[in-house]
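I open a notebook page on aromatic rings and nonpolar cores. The structure goes in first.

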Amino acid sequence: MKTKKFILPEQEIPTAWYNILAEMKNKPLPMKNPKTGQPMKEEDLYPLFSRAASHQEMNDTDAWIEIPEEVREMYKIWRPTPLVRATGLERALDTPAHIYFKNESVSPVGSHKLNSAIAQAYYCKQEGVTNITTETGAGQWGAALSMAAKHFGLELAVYMVKVSYNQKPYRRSIMETYGAEVIASPSMSTRAGKDIITKNPTYQGSLGTAISEAVELAMTTPNCKYVLGSVLNHVALHQTVIGLEAEKQMQMAGEYPDVVIGCFGGGSNFSGISFPFLRHNLAGNAETRFIAAEPESCPKLTRGKLCYDYGDEAGYTPLIPMYSLGHNFAPANIHAGGLRYHGAGSIISCLKHDGLIEAMDIPQLETFNAATLFARAEGIIPAPESSHAIASAIRCALQAREEGRRQVILFNLSGHGLIDMSAYDSYFAGDLNNYQVPDSEIARNTAPLQSL
């Protein structure tokens with residue numbers, strides 16, 4: 001189980017985030033105001049988001065955006081994160097491929113989510129905001145924002161998808177330890193939640209539902225903003241510290257990735273690992289393959305419709321140009337709660353449409369097979385979400401073995417699974433199943449949405 005780590009010195013933490021929007025030849029279509037149908041302007045976002053986040057969301061001209069010094073100082077608690085050569089996994093697969101992973105699980109909360117949580121909480125504090133709201137699926141984003149909110153003295157309410165609220169009680173405990181209020185969604189505390197419970201009293205929730213509740217609370221609470229953990233452009237921007245570090249670390253290793261992989265829910269960690277490398281493809285200097293690994297049970301990139309759709313179930317958010325399964329899509333209760341989102345961010349959707357990235361859907365049992373193999377080979381128990389990236393990397397490594405060629409594979413280990421052991425218990429007991437969404441269900445949910 002020998003591994004070789006390439007760790008950058010502290011001063012090599014990036015001083016700026018990379019904004020891929022500025023260098024995309026074909027830019028995403030704009031978000032639309034659902035009431036007027038007109039493109040959203042930056043100021044239209046001010047009631048919901050901090051002004052800094054709103055500006056970053058709409059910025060398609062500046063390729064590099066400076067990281068505030070206070071944010072960078074907090075990054076130094078755990079960044080740079082290690083880049084690890086997965087030699088144990090290589091031997092287990094008997095592959096000529098070289099497999100590397102960026103270990104984001106070493107953050108204080110165990111995942112990559114802290115990269116954006118700190119930035120967004122900082123901007124809210126700078127603007128005098130006192131309260132923030134958010135949603136969380138598996139609880140990784142909620143845990144990250146809880147820590148960031150406490151650091152900057154902000155009050156936080158987290159709407160946690162009900163199935164994960166019950167499946168992952170220790171994630172809830174982490175959030176409460178940092179001082180956040182955690183509410184199972186759908187709840188009776190918002191109009192959106194009440195309406196959903198009235199229609200379906202046993203509904204176990206979705207990220208779309210939790211977003212609706214968090215947005216509603218933000219819009220009805222004085223001096224309160226909504227803070228989002230994935231999907232939107234400014235969140236992807238903050239996560240590029242991952243790929244920027246990895247780029248320098250791969251240079252130290254003397255290699256460059258042929259394939260870059262990230263698990264995919266809304267796009268935060270996939271964007272973070274891939275966008276800095278993708279800029280070299282855009283410039284014509286590389287031909288790296290980029291794979292977004294999503295659940296077979298929530299296949300928005302592989303089987304969704306490219307359309308304008310809401311980012312939430314109740315229809316409070318702007319209309320986003322995205323690959324979507326429909327904002328009322330009810331995903332299966334898989335353990336990768338952070339990937340149970342109905343749509344893809346506009347940047348990812350545009351890149352997928354233009355053939356610059358690809359998607360791979362992975363059955364749940366394959367992800368746990370991959371996770372167990374990885375844990376036994378490398379010593380790290382991965383989060384169920386991250387295991388989708390591992391499964392995709394294994395597929396690529398086995399293909400390299402069949403073809404007898406060396407390939408350099410890089411994936412993002414977005415988080416550890418030490419608080420997800422109940423999921424592993426279910427897997428070892430044989431209680432987990434695969435779930436494939438019927439074509440009829442996708443067609444029914446997306447029928448009202450007009451294709452782009």
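Rings of Phe, Tyr and Trp (its six-membered ring) pair if their centres lie within 6.5 Å; planes under 30 degrees apart count as stacked, over 60 as edge-to-face and the rest as tilted. Phe-101 and Phe-411 are stacked, because their ring centres are 5.7 Å apart and their planes lie at 25°. Phe-101 belongs to strand 5 (residues 98–103) and Phe-411 to strand 15 (residues 408–413), so this pair ties together parts 310 residues apart in sequence. I take strands (E, at least two residues) and helices (H or I, at least four) as DSSP runs, numbered from the N terminus. Both Phe-101 and Phe-411 are buried, meaning under 20% relative accessible area (1.4 Å probe, protein chains only).

I noted one aromatic cluster, formed by Phe-368, Tyr-424, Tyr-427 and Phe-428.

The model is predicted: local features need pLDDT of at least 70, side-chain atom pairs count only at pLDDT 80 or more, and totals for chains, interfaces and linings use all residues. Residues are numbered from 1 along each chain as its sequence is written, and side-chain values use heavy atoms, without hydrogens and water.

Next I looked up the cores. A nonpolar core is a set of buried Ala, Val, Leu, Ile, Met, Phe, Trp, Tyr and Cys residues joined through side-chain atoms within 4.5 Å. The largest has 71 residues, and Trp-17 and Ile-118 are among those with the most contacts inside it. Helix 4 (residues 114–126) gives the most to this core, with 8 residues. Apart from it lies another core of 30 residues, including Ile-291 and Met-360.

Definitions and conventions: Buried < 20%, exposed > 50% of the residue type's maximum accessible area, 1.4 Å probe, protein only.
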